[in-house]
Amino acid sequence: MFSIITDHWATLCAGLGYTLMASLIALVGSLVIGTAFALMEISHRKWVRLIGRAYVELIRNIPLLVITMAFFVIVPMFIVKVDGFTAGTIGLTIYTSAFIAETVRAGIESVAVGQMEGARSVGMSYTQAMVHIVFPQAIKIVIPPLGNQFINLVKNSSVLAFVAGFDLMYQAKIIANLTFDTFDTYLAVGVFYLVLTMPLSYLMRYLEKKWVTA
Amino acid sequence: MQNFIDAYSQVNLAFLLRGLWVTVEVSVTSIFFSFLIGTLLGIARYVKVRFFSSLVGFLIDLLRNLPLLLILFFTYFALPKIGIRLGVIPASIVAMTVFESAMLAEIVRSGINAVPIGQMEAARSNGLSYAQAMIQIILPQAFKKMIPPIVSQFISLVKDTSLATIILLPELTYHAQIVYGQNANYAIPMFVALAVLYFIANYTLSIGARLINRRLNHA
């Protein structure tokens, strides 16, 4: 296993870089889209709520692979040619946004209604109350599950391997085909994934304990 | 529109449904085994036997933090190196079960933790053994609370079976790929079909869970 790591250090590091980059881009993207849909889900207008709900329910029930492949196969047919990395990252973003919408919605709803009513009754607008009163309180509740979403993103980014997205899993396939040493290669790649996800998952567990009980 | 009519020919639809059947088969088998193993692991982690529980906990954390795709690859491509050769369907089931058991173990553990400690103490002081108290008092209450997270885990299990396309498991996504591989015009109809079929499969699961939940809360 160590010879695989030392011999293919550059390839593995490149894969790690792509995996991390796809996960980070998808995190930022899905945070924006997810928050937008979360706000739609708690809107006062019924049809806006309905659109938000429909989006979340639909995306949550479709496999990530299907969403990613759809972007990889269909978009080039009509609009522009996309490479695997782009298609994979877009797929990840769309898929994760539905889960983040749920997380953010739960966070906002867990901030007591009285907070919003209090803010409104001292003369703040809905937007002001959201930004200054509700969001800051919701963030603390939302950060541990968001961290877990990021861990999921790192793991899920392995679908990039399906669309030639240069990520860790893709490099693993290449190294395995080169060396025929599947056993050691996949062990080594597993270690690379764990280096990313394990510390994060312990940190999130720590934050959860600290903030939720506080 | 013509593409849709052509793509949904009887032959293609039958082919997709055959894929769906494999998806359901693999999912149901994996759900069954991972529920069993996950519960046992969750309890093993909860009871706090020295070394054993922390070892189980560490292994669960390792598995939870790896991509399922990697575990699939490992089961199908790496295990033959040490003499364990599995067919496509058994390999998929084994990989899914290993991964989902770890996920479920964590859910079971936190479910048991959520049952007030007084329940165990009261059961023990009424003369029940630890095992009796666990099986008859703690677990039923814990499972009631665990139904929503367990079902969403099962839903992601059904979705994750699509990853087994990479080891050529003849399930739904793979069959759809074969169909639009023959004619690129069928790509959109096939993805629509995939979305609809997966949605129906998973929505059935959630509705079933809601029914069970209502049943339990009335009882």
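Residues are numbered from 1 along each chain as its sequence is written, and chains are lettered from A in the order in which they are written. In this predicted model, local features need pLDDT of at least 70 and side-chain atom pairs count only at pLDDT 80 or more, whereas totals for chains, interfaces and linings use all residues.

The axes of helices α5 (residues 88-114) and α7 of chain B come within 8 Å and cross at roughly 150° (axes are lines fitted to C-alpha atoms, for helices over the stretch in contact, with angles from 0 to 180 degrees between N-to-C directions). α5(B) and α7(B) are therefore roughly antiparallel (angles over 145 degrees). The residues of this contact comprise 14 nonpolar, 2 polar and 3 charged (Ala, Val, Leu, Ile, Met, Phe, Trp, Tyr, Cys and Pro count as nonpolar, Asp, Glu, Lys and Arg as charged, and the others, Gly among them, as polar).

Helix α6 (residues 117-125) of chain B and α7 (residues 130-160) of chain B have axes that come within 10 Å and cross at roughly 155°. α6(B) is thus roughly antiparallel to α7(B). Gln119(B), Met120(B), Ala123(B) and Arg124(B) of α6(B) meet Ala133(B), Ile137(B), Ile138(B) and Gln141(B) of α7(B) (contact requires C-beta atoms, placed from the backbone, within 7 Å).

Between the chains, 30 residues of chain B are in contact with 27 residues of chain A. α9(B) gives the most to this side of chain B, with 9 residues (helices are DSSP runs of H or I, at least four residues, numbered from the N terminus). By class, the side of chain B that touches chain A has 22 nonpolar, 5 polar and 3 charged residues.

How values were computed
Helices (H or I, at least four residues) and strands (E, at least two) are DSSP runs, numbered from the N terminus. Angles under 35 degrees count as roughly parallel, over 145 as roughly antiparallel, 65 to 115 as roughly perpendicular and the rest as oblique. Two residues are in contact if their C-beta atoms, placed from the backbone, lie within 7 Å.
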